[in-house]
Amino acid sequence: MFVTTSDAFETPSFEGKLAIQDNVLAADLFTQVVEEVATLIETERSYLPTHKKGGTVAYSMLREKAPTLVSHYHSVTMRRLVSRIVGVQVEPTPLHDESSCSVLFYEKPGDHINWHYDHNFYRGRHFTVLIPIVNRGRDGGLSAARLLAKQVGRDVEVATPPNRLVLFEGAEVRHKVTPISEGERRAVWSMTYCTDPRNSAFQGVARRVKDTAFFGLRSLWT
Ligand SMILES: O=C(O)CCC(=O)C(=O)O
Ligand SMILES: [Fe+2]
């Protein structure tokens, strides 16, 4: 049941380590996802009555409240689609990584994200998949928020209408999201995939150095 329309489109280009594909989820699935995200945001609000600011619904919460999002994140269809676009085999990132599968929401005027890279904690190459779920301006069109990505020194504007897949190598493509305006709303489903989701060699070495130091010191007084 977890289908994308992926068989119906040509593989989009991943030039500049960025790909875009419209209408990525089949209509039925997209409707189901929209409903799940709406419930999720309502639940978040009722947990925190003073909640005013946009934020993130992390993976642990999605695992409790958003079965469609979580199963689709793990689906063979999704893995295969991302692998096909980036040209290397990828898999989902681990459960303990709250960014693996999350929903970002922007609902207060000014909610935005400054220029950044998505940090890669893993040994392999790391890809970010965004699927905007809601993007509503006051006039019924899109919100004022724009995703900008650096491409050979230039800022490229990527519109983020609902159900458009935006896939990029977040550790290499610097990006930002410009602010939404009054009365607007934007919710984005974000997923990460990796060619080798073990810890990076650096983290492994850092951990071993720390352990050696710890046990080394301890050996001085035991
Ligand atoms: O909201 C978006 O379109 C992108 C968000 C983003 O870059 C991030 O959460 O790291
Ligand atoms: Fe990002």
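Trainee: Which residues surround ligand 1?

Mentor: Keep in mind that this is a predicted model. The elements giving two or more residues to the shell around ligand 1 are β4 (101-106), β5, β10 and β11 (185-194). Residue by residue, the shell is made up of L104, Y106, I113, H116, D118, L130, H175, V177, R186 and V188.

Trainee: How much of ligand 1 does the protein bury?

Mentor: Start with the polar side-chain atoms facing its oxygen atoms. One in Y106 lies 2.5 Å from an oxygen of ligand 1, and for H116 an N or O atom of the side chain is 2.9 Å from a ligand oxygen. With D118, the corresponding separation is 3.1 Å. Taken alone, ligand 1 exposes 290 Å², and the share of this that the protein buries is 88%.

Trainee: What kind of space does ligand 1 take?

Mentor: Among the residues surrounding ligand 1 are L104, I113 and V188. The space that ligand 1 takes is the largest pocket.

Trainee: Which residues coordinate the iron ion (ligand 2)?

Mentor: Look at the sequence spacing of the donor residues, which reads H-x1-D-x56-H. H116 sits in strand β5 (residues 113-116) and H175 in strand β10 (residues 175-177), 59 residues apart, so this pair links distant parts of the chain. At 2.1 Å, the coordinating residues are H116 (NE2), D118 (OD) and H175 (NE2).

Trainee: Is H175 buried or exposed?

Mentor: Buried means under 20% relative accessible area. H116, at 22%, is therefore partly exposed. H175 has a relative accessibility of 5%, so H175 counts as buried.

Conventions: Residues are numbered from 1 along each chain as its sequence is written. Chains are lettered from A and ligands numbered from 1 in the order in which they are written. This is a predicted model: local features need pLDDT of at least 70, side-chain atom pairs count only at pLDDT 80 or more; totals for chains, interfaces and linings use all residues. Side-chain values use heavy atoms; hydrogens and water are left out. Donors are N, O and S atoms within 2.8 Å of the metal (3.2 Å for Na, K and Ca); water is not among the atoms, so sites may look incomplete. Helices (H or I, at least four residues) and strands (E, at least two) are DSSP runs, numbered from the N terminus. Buried means under 20% relative accessible area, exposed over 50%, partly exposed in between (1.4 Å probe, protein chains only). A residue is near a molecule or strand if one of its heavy atoms lies within 4 Å of it. A polar contact is a pair of N or O atoms within 3.5 Å; within protein, one must be able to donate a hydrogen and the other to accept it, and residues adjacent in sequence count only if both atoms are side-chain atoms. Accessible areas come from the Shrake-Rupley method with a 1.4 Å probe; for residues, only the protein chains shown count as cover. On a 1 Å grid over the protein atoms alone, a cavity is a set of points where a 1.4 Å probe fits but cannot get out, and a pocket is an open set with protein on both sides within 12 Å along at least five of seven lines; lining residues have an atom within 4 Å of a point. A molecule sits in a cavity or pocket if more than half of its atoms lie within 2 Å of its grid points.
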